[in-house]
Amino acid sequence: MSAQAGAIRLDSRLRATARSEWIKFRSVRSGPFALVATALIVVVGAWLLGAGNRNSAAASPASQAAFDPVFTVLQGIELAQLFVGALGVITVTGEYSSGLIRGTFVATPQRAQVLAMKALVFAAVAWACCTALSFAAFFLGQSVLSPAKHVGIGDPGVLTAVLGGGLYLTFVGLLGLFIGVLVRRTPAALAALFGLLAVLPIALILFKGTIASQLGEYLPGNAGEQAFHLLPGGAYTLGRWPGLGVLAAYVAAAAVAAFTLIRRRDA
Amino acid sequence: MSHPIAASAGPASPAAYRRAGAALATEWIKLRSLRSMLLTPLLGAVAFIGLADGTVRNNAAGWAHLDAAQRAQFDPVDINFNFVTLGILLFGVLGALVATNEYGSGLIRTTLAATPQRGLVLAAKAVLAALVALALAIVIIFTAFFTGQGILSSAHAPHVSLGDPGVLGHLLGTVYYMTAAGLIGLFTGVLVRSAAAAITAMFGLLLVLPVLADRIPQDAVWRHTVPYLPSNLGDEMWHSHARSLPSPGIAVLGLAAWVLVLAAAAAFSLRGRDA
């Protein structure tokens with residue numbers, strides 16, 4: 001960089017920040033570990049779920065019609081989201097617990113830009129991996145399902161549902177990342193994220209009542225999961241794009257809070 | 001309570017019971033001085049007793065409007081204890097944190113230098129974690145039971161008392177399940193050593209995996225695997241409608257097997273690996 005003091009251009013700083021975020025991301029062992037766990041769960045899950053549901057051909061016509069061959073084989077995402085979300089969390093909290101964050105902010109005092117590049121690098125990697133996994137799970141699952149009701153990638157709505165699986169996981173990871181910025185400690189951030197994704201939905205079902213079921217509709221996991229449903233079904237009814245929109249709104253809210261706090265708080 | 005063991009014993013090794021006592025004392029100091037070990041159980045207990053009572057209250061309010069078939073299905077114990085599905089996480093996660101906190105801070109290296117008998121360190125940790133989990137489970141389960149049944153009886157819905165057949169067994173079984181979950185968390189924490197991995201594993205194993213597995217049609221393979229997941233074994237403890245196992249005794253043994261296998265793996269890993 002030939003820049004003079006104070007005259008570093010924005011784009012070259014962003015590029016340098018993105019590169020340093022990428023180095024940090026790929027040199028931490030937890031990254032590959034979490035992505036391999038995600039891959040195993042999504043792909044093996046598609047095989048198990050497809051094989052388990054293969055005999056649905058014998059079911060009644062009504063349950064045949066309601067059977068969703070895309071969601072059935074992509075459900076492994078519900079377990080895999082814990083690993084993608086945890087990766088998002090420790091991408092941030094790992095840097096706080098090792099103290100590296102102070103070095104980062106000394107090198108790049110433009111904290112908002114650091115966070116933006118961190119989120120961008122994470123989102124790019126997570127989206128690429130999770131979309132590839134979503135497609136792999138889809139094709140494997142349909143081939144295992146094939147004596148029973150199954151669909152091709154060209155059938156109406158199928159391609160967007162499979163892409164929705166990758167998008168859902170990416171949003172969950174980003175939600176974890178921004179919660180990590182807010183909470184800064186790994187166990188607390190994981191508890192907050194998993195509480196939203198996995199605990200609250202069940203707590204609301206236990207509670208019963210109309211208020212609880214309306215709240216359940218707008219929890220990030222319940223809403224966002226409809227992105228990889230082919231048919232409307234299950235307990236929640238927002239639909240694909242509104243559902244994904246609700247999840248995106250959670251991510252946006254967490255991002256606004258994270259960008260505000262990261263500039264105000266001492267690292 | 002510092003025993004002058006190391007100083008006075010010289011080259012001869014101290015008596016085994018004194019060493020065990022010292023290891024227990026050490027682990028106790030570490031356990032009670034963790035900030036998260038005071039506040040989290042307290043908040044968790046309040047939250048889960050609140051969840052239990054809220055669930056019972058909503059069900060009791062609906063009692064008058066149920067038809068005969070629904071009334072036949074109304075089970076005061078199940079309604080009182082379905083919060084255990086979530087409450088079990090408190091035990092798994094706290095157990096995991098007991099182990100991973102020490103790895104996170106690096107204290108584990110000092111611990112193992114001071115007590116090179118690594119099996120003894122693990123045993124002391126497990127004994128204390130089990131005792132703490134047992135006490136916490138007793139408080140949560142019995143408070144939830146007495147308040148929950150009180151709410152049911154004041155709403156004139158069916159309710160049971162401690163002396164009714166099978167009720168005490170459900171309560172003690174659930175306490176046992178929670179204690180076992182604490183130990184499963186602890187040993188998993190020793191195995192994976194990172195808080196993030198251990199917490200994720202607990203949520204996956206105890207909460208998400210059984211929900212997913214339930215959606216697979218129940219064929220022969222399913223019947224020989226899924227009921228043996230720890231959370232499904234635990235369900236046998238509090239749920240009155242037996243699911244797929246011949247008897248609750250098998251669930252008790254199954255949970256013990258999970259704990260023992262993980263304990264052996266953790267001991268093997270702790271002795272074999274560099275800290």
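## Chain B as a whole

The secondary structure of chain B consists of 13 helices and zero strands. Helices (H or I, at least four residues) and strands (E, at least two) are DSSP runs, numbered from the N terminus. This is a predicted model, in which local features need pLDDT of at least 70 and side-chain atom pairs count only at pLDDT 80 or more, while totals for chains, interfaces and linings use all residues. Residues are numbered from 1 along each chain as its sequence is written, and chains are lettered from A and ligands numbered from 1 in the order in which they are written.

The C-alpha trace of chain B spans about 75 × 45 × 30 Å along its principal axes. Of the 275 residues in chain B, 41% are buried. A residue is buried if 20 or more other C-beta atoms lie within 10 Å of its own, exposed if 12 or fewer, and partly exposed in between, with C-beta atoms placed from the backbone. Among contacts in chain B between residues at least 6 apart in sequence, those joining residues at least 24 apart make up 79%. Two residues are in contact if their C-beta atoms, placed from the backbone, lie within 7 Å.

## A helix pair in chain A

In chain A, the axes of helix α5 (residues 77-98) and helix α7 (residues 111-145) come within 11 Å and cross at roughly 160°. Axes are lines fitted to C-alpha atoms, for helices over the stretch in contact, and angles run from 0 to 180 degrees between N-to-C directions. α5(A) and α7(A) are therefore roughly antiparallel to each other, a term for angles over 145 degrees.

On the α5(A) side, A:Val84, A:Gly88 and A:Thr91 meet A:Lys118, A:Phe122, A:Ala126 and A:Cys130 of α7(A). The residues of this contact comprise four nonpolar, two polar and one charged. Ala, Val, Leu, Ile, Met, Phe, Trp, Tyr, Cys and Pro count as nonpolar, Asp, Glu, Lys and Arg as charged, and the others, Gly among them, as polar.

## A:Ser143

Helix α7 of chain A also holds A:Ser143. A:Ser143 counts as partly exposed because it has 13 C-beta neighbours inside 10 Å. A:Ser143 and A:Gly50 are 93 residues apart in sequence, and their C-alpha atoms are 8.3 Å apart in space.

## Where the chains touch

The contact takes 27 residues from chain A and 25 residues from chain B. On the side of chain B that touches chain A, α3 (36-62), α6 (84-105) and α10 (195-214) each supply at least two residues. The largest share of that side, ten residues, comes from α10(B). The residues of the side of chain B that touches chain A divide into 15 nonpolar, nine polar and one charged.

Definitions and conventions. Angles under 35 degrees count as roughly parallel, over 145 as roughly antiparallel, 65 to 115 as roughly perpendicular and the rest as oblique.
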